[in-house]
Amino acid sequence: MGGGAAGMMAAIAAADQGAQVVLLEKMDQPGRKLRITGKGRCNLTNTAPLKDFLTHVGPDSKWLRNCFAQMFNTQLMDFFEQRQVPLVEERGNRVYPKSGKSLDIFLALVNDLERRSNVTIHRNAAVKSLLLPDPDADPRLPRTLGVRMQDGTAHRGDAVIIATGGLSYPTTGSTGIGYRLAAEAGHMVIPQVPSLVSLTCNDPLPPELEGFVLKNVGLRVALPIGKTIYDGFGEMTFTDHGLDGPLVLSASRLCSRMLHEGNELIAHLDFKPALDHDTLDRRLIHDLDANGTRIFNDALRLWLPAEVIPLALKRMHIEYYKRLNQINGTERKRLLAFLKDCTFTLNGTDDYNTAVVTQGGVELKEINPKTMESRRVPGLYFAGEVLNLDADTGGYNLQIAFSTGFVAGRSAAQPVEGNR
């Protein structure tokens, strides 16, 4: 059940094995989230070698090795190119459809499914509950599973694949029902939090900063006592209530759960990451001497974009009308501290409406990594975001969805193939 990236790939993989497949999608069309991913461009994978790829996945990344041995980035790229979707590799090893349209990825999957006589897609088909085998039944008899629909009807078969996604982008149909179904089947489900999401601040930000993009800056997120949680370099954006952009989304994967558990974190922004503390201090001394008659407010453009100056003046407590030759050593140190370590107190994240993925889900120890089958309920499989797997931006999460879907579909169909 579930017509997202993982669900559609699972259906194709199972159908390739000769299984009769029923794909249940609660929305009027499958693939809604897939069509908006990557801002509508669909970064479907990343060409990084396996060892590097796994460094961008959460702490259980090694669990994916068996899955990726069956389908990894090169196989996924071949899959779509064989379906007449040319691909292109861009900065950071990110792979997109050459057209720049996620619709092409969606159509390749849907068209593949709709041309098959052994696949039926049910749209507007909301699942209510699982139908599980009687644990006391004679083990020599065939075991069937199924699902009960909201309208009271039922679908039964040799296997059920739960690929219902997470909680992110709920308007695309992500309600988290898969977590409830997994729990009802006896699985441990790790609590969920938004991930790859903007971070919110206690600190009020000047309106001039809203929407402003900073490039080539350093961002370190740490506990108040100093332990670093994230340290990176790149691009970020200010919002009306916090921080956003690629750098911040990457940080959120490591910070979100801590924030949702009530921890206070400090974001340390470095406007001049290419210069160490002492080198920048020497530059400031030179600039102050060389521009001694300039007014401080105007001279701040030597070191900062205009949009950041209101924040700088508020934080540094230096009179804006002072001439640079009047700036004393203490004030220079405050300027230096702002440039190298501008801090923001983080108090949370945005919600699932803007979160790219969901962190948390079905406990991986209870899933066979070679097949995606439940270790608790034979014939029950899981794929995609419903699992406790999440990764950085850059195509990693979609690769996980496609790979786990492929393995789940192929594995679920094996009993069917064996009974011919």
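Guide: What follows goes from the model as a whole to its helices and sheets.

Visitor: What am I looking at, and how are things counted?
Guide: This is a predicted model, in which local features need pLDDT of at least 70 and side-chain atom pairs count only at pLDDT 80 or more, while totals for chains, interfaces and linings use all residues. Residues are numbered from 1 along each chain as its sequence is written, and side-chain values use heavy atoms, with hydrogens and water left out.

Visitor: What's the average pLDDT?
Guide: The chain averages a pLDDT of 94, and 96% of the residues score at least 70, pLDDT being the predictor's confidence in each residue, from 0 to 100. Over residues 416-420 the pLDDT is below 50, and this stretch has seven contacts in the model beyond near neighbours in sequence, a contact meaning heavy atoms within 4.5 Å. Where pLDDT is low, the predicted coordinates should not be read in detail.

Visitor: OK, and the overall dimensions?
Guide: The C-alpha trace spans about 90 × 45 × 35 Å along its principal axes, and 54% of the 420 residues are buried, where buried means under 20% relative accessible area, exposed over 50% and partly exposed in between, with a 1.4 Å probe and protein chains only.

Visitor: How many helices and strands are there?
Guide: The chain has 14 helices and 18 strands; these are DSSP runs numbered from the N terminus, helices being H or I of at least four residues and strands E of at least two.

Visitor: Which residues of α1 meet α13?
Guide: On the α1 side they are A5, A6, M9, A10, A13 and A14, and they meet L398, A401, F402, G405, F406, G409 and R410 in α13. By class, this contact has ten nonpolar, two polar and one charged residues, with Ala, Val, Leu, Ile, Met, Phe, Trp, Tyr, Cys and Pro counted as nonpolar, Asp, Glu, Lys and Arg as charged, and the others, Gly among them, as polar.

Visitor: At what angle do α1 and α13 pack?
Guide: Helix α1 (residues 5-16) and helix α13 (residues 396-412) pack at about 35°, with their axes 7 Å apart; axes are lines fitted to C-alpha atoms, for helices over the stretch in contact, and angles run from 0 to 180 degrees between N-to-C directions.

Visitor: And how does α1 pack with α6?
Guide: Helix α6 (residues 102-114) also packs with α1 at an angle of about 35°, and the axes there are 10 Å apart. M8, A11 and I12 of α1 make that contact with F106, L109, V110, D112 and L113 of α6, a set that divides into seven nonpolar, no polar and one charged.

Visitor: Switching to sheets, what order does the barrel run in?
Guide: The closed barrel of six strands runs β11-β14-β13-β12-β15-β16, with antiparallel pairing, and two strands pair if DSSP finds at least two bridges between them. Neighbouring strands of this sheet are turned by 45° against each other on average, direction ignored. Helix α12 (residues 329-340) lies across β15 (265-270) and β16 (342-349), running at about 105° to β15.

Visitor: What about the open sheet, which strands stand at its edges?
Guide: Three strands form that sheet in the antiparallel order β2-β4-β3. The edges are β2 (45-46) and β3 (87-90), each with a single partner strand, so one side of each is left without a neighbour in the sheet.

Visitor: Last one: which residue takes a positive phi in the hairpin of β7 and β8?
Guide: That is G152, with a phi near 95°, in a hairpin that has four residues between the strands. Strands β7 (residues 145-149) and β8 (residues 154-157) pair in the antiparallel sense over four bridges, and V147 has H155 in β8 as its bridge partner.
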